[in-house]
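Here are some notes for a colleague who is opening this structure for the first time. Please read the points alongside the display below.

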Amino acid sequence: MHLPRPRTTTAAGPLAQATALVLLAVLGVLGVGTAPAAAADGEVSWAVGTASGDFGSGRQNYRYTLDPGGRLDDGLVVVNQGTTPLHLAVYAADGFTTEQGRIDLAAKDAKPTGVGAWVHTDRSDVTVPPGKSVEVPFTVALPDSAAPGEYMGGIVTSLTRDGDAGGSDGDRRLGIRIRLRVGGELKPNLSVEDLRVRYSGTPNPLGKGDATVTYTIHNTGNAILTARQTVSLSGLFGRLSGKAGHIDDSPELLPGDTWKVSVPVHGVVPALRLTGTVTLMPLLTDAAGSVAPLANVESTAHAWTIPWAVLLVLIVLCGVIVAALASRRLRRTKLRAQEAVEQPLRERETSDR
């Protein structure tokens with residue numbers, strides 16, 4: 001079993017996926033709120049929460065550590081807060097990072113490769129009477145070939161239409177996140193790719209310009225990571241030429257995910273050759289919620305920062321010097337030619353005497 005396929009999160013994704021993955025009450029859907037997630041659609045209103053059991057009660061989301069070939073059982077509680085019977089489709093889905101940097105859950109018709117393929121509900125739909133709750137058991141079963149690392153997914157409830165048990169993905173979806181750690185060696189790693197530095201000069205020969213540093217953060221490991229970022233610019237001999245202000249941490253990046261970054265740097269001294277340096281500090285969050293900083297990752301790129309006004313002055317100055325030297329050489333040539341003409345005349349006058 002391979003890790004989830006890499007996805008670029010800031011470039012435009014497939015339209016079908018983008019439109020199908022709108023979740024109501026996003027904080028609740030991703031399990032980061034303090035209360036069960038809830039959604040409403042006219043007279044239809046429901047909430048989802050984690051079942052109480054061997055894993056405790058009042059959990060905001062599901063977190064598991066399981067070895068390849070392992071299995072565990074848990075449950076999802078669905079509460080009908082409306083006044084009519086509620087019929088919902090229930091399914092598991094893989095997670096992905098959206099263009100806005102949020103963890104979302106894939107559409108029902110998307111082919112799962114991780115959590116969505118390993119989590120199985122005991123039913124594909126559920127009917128909940130008004131004012132009542134129903135627990136939907138599910139099983140997490142890993143194949144022996146499951147690759148070590150961290151995976152993200154979730155359990156989704158979707159409001160069905162016209163009594164269709166298959167459901168229809170749209171705005172009426174609600175779910176809870178599942179974060180799964182498959183046992184084995186964890187290899188967290190980030191890389192900086194496509195690093196570029198672009199410089200915008202100034203007509204003032206003594207002024208400073210602006211630069212833009214762009215790059216892509218790529219999660220090339222098998223752990224879910226966040227990146228703390230710093231960007232600086234230096235001129236010749238390593239002298240600091242400019243430093244970017246505060247840069248927000250990247251969103252959580254799933255294994256294989258990428259995140260594009262563009263950072264403006266103002267007040268850059270033109271120093272002929274500019275070196276841009278990007279430093280990433282990977283941040284790893286463990287099952288207890290503790291954040292551990294890992295070894296920094298650094299990458300550099302170069303750009304020419306030609307001070308055109310100064311260069312023009314130097315060209316003019318060089319032209320003046322060259323013209324002066326040429327004029328001096330011409331005068332010397334004329335003097336030598338005149339000397340060559342006058343010398344025989346002087347010698348003839350001397351011999352006539």
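**Notes on a surface patch and an aromatic cluster**

1. Leu 236, Leu 272 and Trp 304 make a nonpolar surface patch of about 340 Å². Patches are made of residues with over 30% relative accessible area and no salt bridge, with nonpolar side chains (Val, Leu, Ile, Met, Phe, Trp, Tyr) joined within 5 Å and like charges within 9 Å; a salt bridge is a side-chain nitrogen of Lys or Arg within 4 Å of a carboxyl oxygen of Asp or Glu. Areas come from the Shrake-Rupley method with a 1.4 Å probe, and for residues only the protein chains shown count as cover.

2. This is a predicted model, in which local features need pLDDT of at least 70 and side-chain atom pairs count only at pLDDT 80 or more, while totals for chains, interfaces and linings use all residues. Residues are numbered from 1 along each chain as its sequence is written, and side-chain values use heavy atoms, with hydrogens and water left out.

3. Trp 304 lies in strand S19 (residues 297–305), strands being DSSP runs of E with at least two residues, numbered from the N terminus. Its relative accessible area is 62%, so Trp 304 is exposed (exposed means over 50%, buried under 20%, partly exposed in between).

4. Ring pairs link Phe 55, Tyr 62, Tyr 64 and Phe 138 into a cluster; rings of Phe, Tyr and Trp (its six-membered ring) pair if their centres lie within 6.5 Å, and planes under 30 degrees apart count as stacked, over 60 as edge-to-face and the rest as tilted.

5. Tyr 62 and Tyr 64 are both buried. The rings of Tyr 62 and Phe 138 form an edge-to-face pair, because their planes stand at 85°, with the centres 5.2 Å apart.

Methods: Helices (H or I, at least four residues) and strands (E, at least two) are DSSP runs, numbered from the N terminus. Buried means under 20% relative accessible area, exposed over 50%, partly exposed in between (1.4 Å probe, protein chains only).
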